[in-house]
Protein chains: 4
Amino acid sequence: MALNIRELSKKLAHIRMKVEVRNVFVLCKAHEPGLVENTKEVAEWLLGLDGRRYNVYVEETLQNDPSFDAAGILSRNPSAAGRLRYWTNALCAERPMTFDIVLALGGDGTVLYVSYLFQRIVPPVLCFALGSLGFLTKFDFATHRAILTRAFSDGITVALRLRFEATVMRSQPRAEGKGKLWKDGCRDARGRERDLIEELIGEESDDHHTHAPDGTHNILNEVVLDRGPNPTMSTIEVFGDNEHFTTVQADGICIATPTGSTAYNLAAGGSLCHPDNPVILLTAICAHTLSFRPIILPDTIVMRVGVPYDARTGSWASFDGRDRVELRPGDYVTISASRFPFPSVLPMDRKNEDWIDSISRTLNWNSRQRQKAFKK
Amino acid sequence: MALNIRELSKKLAHIRMKVEVRNVFVLCKAHEPGLVENTKEVAEWLLGLDGRRYNVYVEETLQNDPSFDAAGILSRNPSAAGRLRYWTNALCAERPMTFDIVLALGGDGTVLYVSYLFQRIVPPVLCFALGSLGFLTKFDFATHRAILTRAFSDGITVALRLRFEATVMRSQPRAEGKGKLWKDGCRDARGRERDLIEELIGEESDDHHTHAPDGTHNILNEVVLDRGPNPTMSTIEVFGDNEHFTTVQADGICIATPTGSTAYNLAAGGSLCHPDNPVILLTAICAHTLSFRPIILPDTIVMRVGVPYDARTGSWASFDGRDRVELRPGDYVTISASRFPFPSVLPMDRKNEDWIDSISRTLNWNSRQRQKAFKK
Amino acid sequence: MALNIRELSKKLAHIRMKVEVRNVFVLCKAHEPGLVENTKEVAEWLLGLDGRRYNVYVEETLQNDPSFDAAGILSRNPSAAGRLRYWTNALCAERPMTFDIVLALGGDGTVLYVSYLFQRIVPPVLCFALGSLGFLTKFDFATHRAILTRAFSDGITVALRLRFEATVMRSQPRAEGKGKLWKDGCRDARGRERDLIEELIGEESDDHHTHAPDGTHNILNEVVLDRGPNPTMSTIEVFGDNEHFTTVQADGICIATPTGSTAYNLAAGGSLCHPDNPVILLTAICAHTLSFRPIILPDTIVMRVGVPYDARTGSWASFDGRDRVELRPGDYVTISASRFPFPSVLPMDRKNEDWIDSISRTLNWNSRQRQKAFKK
Amino acid sequence: MALNIRELSKKLAHIRMKVEVRNVFVLCKAHEPGLVENTKEVAEWLLGLDGRRYNVYVEETLQNDPSFDAAGILSRNPSAAGRLRYWTNALCAERPMTFDIVLALGGDGTVLYVSYLFQRIVPPVLCFALGSLGFLTKFDFATHRAILTRAFSDGITVALRLRFEATVMRSQPRAEGKGKLWKDGCRDARGRERDLIEELIGEESDDHHTHAPDGTHNILNEVVLDRGPNPTMSTIEVFGDNEHFTTVQADGICIATPTGSTAYNLAAGGSLCHPDNPVILLTAICAHTLSFRPIILPDTIVMRVGVPYDARTGSWASFDGRDRVELRPGDYVTISASRFPFPSVLPMDRKNEDWIDSISRTLNWNSRQRQKAFKK
């Protein structure tokens, strides 16, 4: 299933589409007062456009936020009644098709938050940078009226960015072991030490009986396993499909999407990766051996990374830097290409050069062409 | 065109095929006497097989090589007359379809030599390691009779490995500049300094007039531009499609296929890359800035790397470590996915795990599973 | 003061000394039963030597350990009464001169534990490896009788290894701020935001009033500041003497001695460093910028690394992987060459080659000479 | 001998000295016309100072350079006759004590050229940057009158920077082998293959008979051995004192001083190193194994790096990027601390912070203090 979608998204990596926009979702980080003003500005402008056709959804917490002043908006534009609406996390999770487009105001962190809200289908996401342009925030907020006017009339081009689906798998005590503490979970019914490699890819492997799922995350940047509060290094078993790759001794391991290649992956020594590449980036964090190098794998592979039963300590998993959970000995995480990619709206006129522009800004490259482009 | 083949090869990345073998090409490095013995052994065995159906081509230089002793072979097996044949480089270049399969005896260098011989269509290549197994030599010579018997009867599985087509483009003196020394070639007809960026991607760019091709190479591992005998660093302009990426100050630059990721690319700090990934690996060699990191690009991009007109020195290009040529200011090399991939025959029973096995051997990984595999 | 000792230790980096041994300190990791046997073996042998001159100190916990069986030792050798003694952590801390020599049985971790026990003066330390030789455990336990006999008669050669003295400095609330929560500690008496750089090296800097010491550690390997359980990166201010070097955005920072260069420093990308070099190794852990590289500083510099007042989160400090403490905004750690180096007993006959031998083993170097040495 | 000087230079690492200046040596890169103007400006100003006490030496090639216009200088200031003098390379080599101070105008390359000119004793060197400040050019040319006036009246502070003395050692044919080609030089008189490791540190090693010196270089930055025009990697034997460290398979090897740490060493992946550290930085260039890491060694060690007799190709050595020579199989280079350090004049008021300032500029560090400093 994942494969079909992947094949499809590759063909459609850059989709030019006409979106019939009626329902606009606006996201800002509501904690910072300035951002509420920006949200208000966008919402009020959209609600006031000719034809009164747009429904605008803002975060529920703004309903009573004096900076947002919903009452003021409605009094200045009575036609907005019923069209100014409020979204909740539950609505994003359960009825994502409600929204025709998402406008994200902020930085790359805001875009990650959109990915977090929409764990399954994601509407096209158009990101306005409130500071400098980033890898994911490609439009300057100052130009938002022109950008949106053109997008609604001419259509948009969307890049489908690979997300990962990551599921925590908890080791289950064997039949006779029920109710025991987890330390005992490291031995099987007959008291033998359990072996993660054997359970996952051994000849009698059958992880339906040995492990149970405990939460799934669709992520845009990376899954990280690290030593968390432990002062000593982690031991992590790495599997790809039905192969045991290696046992890594390290501060942790980072499994990044191409989009995430410029985030934690880069800090850990990984390569920069064009977002159209259908690959998985596997990088150790401070490996305590010299024999590990960053590895680029096809995104058709199902990765599994876990803590061996005989590890002295557990590891901690996080998903786009969130939802941190402890993995105890015997637990693991599966990571594979998600069926739900992230549709990022591209700049209209520079869509091919877009990624190189971002890289160039980040690395302070000395491209003359770029310098010209920036001066415009 | 490149794109279509690429799409095709992706679908067919692992092709199971029945080859009707009649004409067998055998390659060894003829310089080492031991290898001639191996060639003789394989050839004589093939010629003596029941049915007398196989024609065996060995290198022309063996015709009069006493270690090979062609006369002895024919006297022991008169039916081999007419079936023991000799190949030349010209035959490989002009009539590659003559051969149903290539048997390469040696190390990874021998496999690169096959790629060098067959610049266009490459027959399926089955590689026997005479020493330890390598990334490309996946079969132990000791087992060659069993392997070949099964391959000829049951068919083979072939992985189509990406090759690059690289063409040297020489800066041409402008009309009035004919016959002048190349230093003058750095100025245009009106005496203005020429500018490589302008000529390649400027608004009036038209490299049919400014540059002419000077040799094309299909390569399996990498194209390297380096400073050659110059003690100082090189300046290299890097372009992707119609974008100027950056000007690199470095010892050089390495543009590797996934197959080449474990060769020079790794020494230069690049990532390991699974050979099925449709990507280009761009890595600077000893960059003299801190702002360069290895970059993974889609193999649909056409790369161009060249020497700016105002560079103090030229650079040197090499292709799979061969055919070293100087690039003078204004010259460049284009690199793109080749229409002629390299069909590498995979081990029958471990084809999925094959790459990880190779990596594991190379990095001395501590995989328990692997250790088991080796003990067999 | 630190300077004088340092000058002295440089001259005396390798001291050949005759130690008049009467009091022998024996350390093992008492948790593992096998190690208690080894301790018993060494103790009983020493107590039984002719002349009955040696007092042997073992860990207090062994007094009633049945594996150690003190009563058995005394019954077999009544002369040991009064000479078999027990050490406590307090005795090490308060009267380190009690011991003429320390015998450490175990691995490199055991040697770090000796350093931990002896926070001020350290007796000469002779380390027997119970497994493979390490960077600090240079003698094979199997040879301990011969080694000790010769050491006691001929004397020993000692390398004085640099240790760091690290002190946690806690930000103090300003006069009027007493009793407030620490968050308020980030503002001064007049409500202005405090500034760590200003407080440490500003024109009116006077950290006697702004900070108070909270624990000092003499360490042999490294001080690490990291993000601990925080999923996001740390912000760390780095000072050398009265200079603000930079603000590092990273997973953390590692400040290692030359001895520690082969430990966490290596995992973080630092260089290998010969233990005789009088230097400090400063290495960022997963820096989130491209502009940081490992730095080698003279050990005459006083380093200070801390958390800025406006940091979103604190950092965690650890000392040789122990004594993990949280640093809150405004806190810092000073690190300088300790007055109390670590006297490590060197192998008699290979003292010059000793470090290269260790490196060679660790990196799997292909030294022919080394291979010969190992075969002996 | 090297050791004594080293001990001395360490104590005197920063020497404050009053120089009685009469003879001023001025160096610029004469090729660039602008620089000749600068030289002329400095020379004419010095010659015109009250007291007419300074003799000014400029490069001999300026004597007839119309841009310099020596006749014009003398006609405007007849007292300069006899005091405007010309230096030659031979004078620098043979009578370096002639000069009380060297003024270098240009960039870091000009400073390296001073080191090249003065192969033995080097006068104090004061460097004016004509562009942006560098690691070695610490004074802005715009301020040269104020800087020199103060230096001549108040004295200067000098940092003695470590240089290396590097000697090429050529393999000599054994007695009976005289007159043979060098290929035969790889076999001894009895036809056995010669072995570099055996000859240098074997039990009967005696390199007075096997090797002869062929040129010595005092260098300020680094000695590099590399593959030169060879497309394949080099094989290099590395020795420290009487130890064989390892056989490196790489593009080359870089042996840098602390001053050189920011040059080629950094490009090859080495650490930044404070110039006061008494160390040698050993870094492989694109090592073809994963088991090499940059190594910091005491500068009391004598390094030897050479080409094994059975190498397929030679290597090329260069010294501060100059004097490139081929090393054939059996040749090697010795590298040790030079008796002739490089006395670099430090900025008066910021001498402690000087190096960090340079690093900070180079790495674009975000130091607030630094930013303030730059704004001055």
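Reply: First, a polar contact is an N or O pair within 3.5 Å; within protein one atom must be able to donate a hydrogen and the other to accept it, and sequence neighbours count only through two side-chain atoms. This is a predicted model, so local features need pLDDT of at least 70 and side-chain atom pairs 80 or more, while totals for chains, interfaces and linings use all residues. Residues count from 1 along each chain as written, chains are lettered from A and ligands numbered from 1 in written order, and side-chain values use heavy atoms, without hydrogens or water.

Let's start with C:Ser338. You'll find C:Ser338 in the loop of chain C that runs from strand S20 (332-337) to strand S21 (342-345); strands are DSSP E runs of at least two residues, numbered from the N terminus. With a relative accessible area of 5%, C:Ser338 is buried (under 20%; exposed is over 50%, partly exposed in between; 1.4 Å probe, protein chains only). What does the side chain of C:Ser338 make a polar contact with? The partner is the side chain of C:Asn218, at 2.4 Å. A polar atom of the C:Ser338 side chain also sits 2.8 Å from the backbone nitrogen of C:Phe340.

Stay in that loop and look at C:Arg339. Its side chain forms a salt bridge with C:Glu165, with 3.2 Å between the closest N and O atoms (a Lys or Arg side-chain nitrogen within 4 Å of an Asp or Glu carboxyl oxygen). That pair links distant parts of the chain: C:Arg339 is in the loop between S20 and S21 of chain C, C:Glu165 is in strand S9 (residues 164-171) of chain C, and they are 174 residues apart. C:Arg339 has a relative accessible area of 29%, so it counts as partly exposed.

Over all chains, the structure holds 44 salt bridges. Hop over to chain B for another one: B:Arg170 and B:Asp331 pair up with their closest N and O atoms 2.8 Å apart. Since B:Arg170 lies in strand S9 (residues 164-171) and B:Asp331 in the loop between strand S19 (322-327) and strand S20 (332-337) of chain B, the bridge ties together parts 161 residues apart in sequence. Both B:Arg170 and B:Asp331 are buried.

B:Asp251 and B:Arg227 also meet in a salt bridge, 3.2 Å from N to O. Here B:Asp251 is in strand S13 (residues 243-256) and B:Arg227 in the loop between strand S11 (222-226) and strand S12 (234-240) of chain B, so the parts tied together are 24 residues apart in sequence. B:Asp251 is buried at 7% relative accessibility, and B:Arg227 is buried at 6%. In chain A, salt bridges link A:Arg170, A:Asp214, A:Arg328 and A:Asp331 into a network.

Now the rings. There are 36 aromatic pairs over all chains (Phe, Tyr or Trp six-membered ring centres within 6.5 Å; stacked under 30 degrees between planes, edge-to-face over 60, otherwise tilted). C:Phe25 and C:Trp87 are a stacked pair, with 4.6 Å between centres and 20° between planes. C:Phe25 belongs to strand S2 (residues 23-28) and C:Trp87 to strand S4 (residues 84-87) of chain C, so this one links distant parts, 62 residues apart. Both C:Phe25 and C:Trp87 are buried. Over in chain A, ring pairs join A:Phe25, A:Tyr57, A:Trp87, A:Phe99 and A:Phe118 into a cluster.

Terms used:
Helix = DSSP H or I, 4+ residues; strand = E, 2+ residues; numbered from the N terminus.
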